[in-house]
Amino acid sequence: MPIEPQTLPDGTLSLSSQTLGVDLRLLSTDTQVNMGLSSVSRPLRLFDPQTGAQLLTYREAEQARQDAEQARQEAEQAATDERQRAEISERQLAALLEKLKAQGIDPEQLL
């Protein structure tokens, strides 16, 4: 059964595949997408027919996964750094409190 193409208002040619559950769109000529080594002037892209969201290519999904992993690692490192700073501050505070006590000063009276 042939699929009837539709032209969207922006000039994009769209085919809706019930079998695949996606819309295949040949993007308009004024849309340029970098597809790796060369630029494609009219790329064929897949879209979710329910949301209209463009589906990621394998390369895009892999890049998004790598970016998310890098962000997770950076956040984990920042949390570790912050814990270390807090531990150092707590040790410094404890040492200062001990010095005050050694000089006969009650730290609670200073607050």
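These legends walk through several close-up views of a predicted model.

Residues are numbered from 1 along each chain as its sequence is written, and side-chain values use heavy atoms, with hydrogens and water left out. Because this is a predicted model, local features need pLDDT of at least 70 and side-chain atom pairs count only at pLDDT 80 or more, while totals for chains, interfaces and linings use all residues.

**View 1. The whole chain, to get your bearings.**
The protein has two helices and six strands; helices (H or I, at least four residues) and strands (E, at least two) are DSSP runs, numbered from the N terminus. Reading along the sequence gives the pattern β-β-β-β-β-β-α-α. Of its 111 residues, 13% count as buried. Here buried means under 20% relative accessible area, exposed over 50%, and partly exposed in between, using a 1.4 Å probe and protein chains only. Among contacts between residues at least 6 apart in sequence, 11% join residues at least 24 apart, where contact means heavy atoms within 4.5 Å.

**View 2. A four-stranded open sheet.**
The strands of this sheet come in the order S1-S2-S3-S6, with antiparallel pairing. S1 and S6 are the edge strands, each pairing on one side only. Two strands pair if DSSP finds at least two bridges between them. S1 and S2 are joined by two bridges, S2 and S3 by five, and S3 and S6 by four. Thr7 faces Leu13 of S2 across one of these pairings. S2 and S3 also make a hairpin with four residues between them, and Gly21 in the turn has a positive phi of about 75°.

**View 3. Strand S3 and its residue Arg25.**
S3 covers residues 22–26, and four of its five residues are buried, so the strand is largely enclosed by the rest of the structure. Arg25 belongs to S3 and counts as buried at 16% relative accessibility. On one side, Ser14 stands opposite Arg25; in S6, the bridge partner of Arg25 is Arg45. The charged end of Arg25 sits over the ring of Phe47, 4.1 Å from its centre. For this label, NZ of Lys or CZ of Arg must be within 6 Å of the ring centre and within 35 degrees of the ring normal. Beyond four places in sequence, Arg25 touches a list of residues including Leu8, Thr12, Pro43 and Gly52.

**View 4. Asp23, also in S3.**
Is Asp23 buried or exposed? At 10% relative accessibility, Asp23 counts as buried, and it lies in strand S3. A polar contact of 3.0 Å joins the side chains of Asp23 and Ser16. A polar contact is a pair of N or O atoms within 3.5 Å; within protein, one must be able to donate a hydrogen and the other to accept it, and residues adjacent in sequence count only if both atoms are side-chain atoms. Asp23 and Asp48 are 25 residues apart along the chain, yet their C-alpha atoms are separated by 6.3 Å. Leaving aside neighbours within four places in sequence, the contacts of Asp23 include Leu15, Leu46 and Pro49.

Leu44 lies in S6, residues 44–47, and is exposed, with a relative accessible area of 53%. In a regular strand the side chains alternate between the two faces of the sheet. Leaving aside neighbours within four places in sequence, Leu44 is in contact with Leu24, Arg25 and Leu26. The bridge partner of Leu24 in S6 is Leu46.

**View 5. Thr12 in the loop between S1 and S2.**
Thr12 sits in the loop between strand S1 (6–7) and strand S2 (13–17). At 3% relative accessibility, Thr12 counts as buried. Its side chain makes a polar contact of 2.8 Å with the side chain of Asp10. Not counting residues up to four places away in sequence, Thr12 touches Gln6, Thr7, Arg25, Leu26, Leu27 and Ser28.

H1 runs over residues 58–102 and has 45 residues. How far does H1 reach from its first C-alpha to its last? The span is 66 Å, close to the 66 Å expected at 1.5 Å a residue; the expected span is 1.5 Å times one less than the number of residues. H1 is followed by Gly104, whose phi is positive, near 80°.
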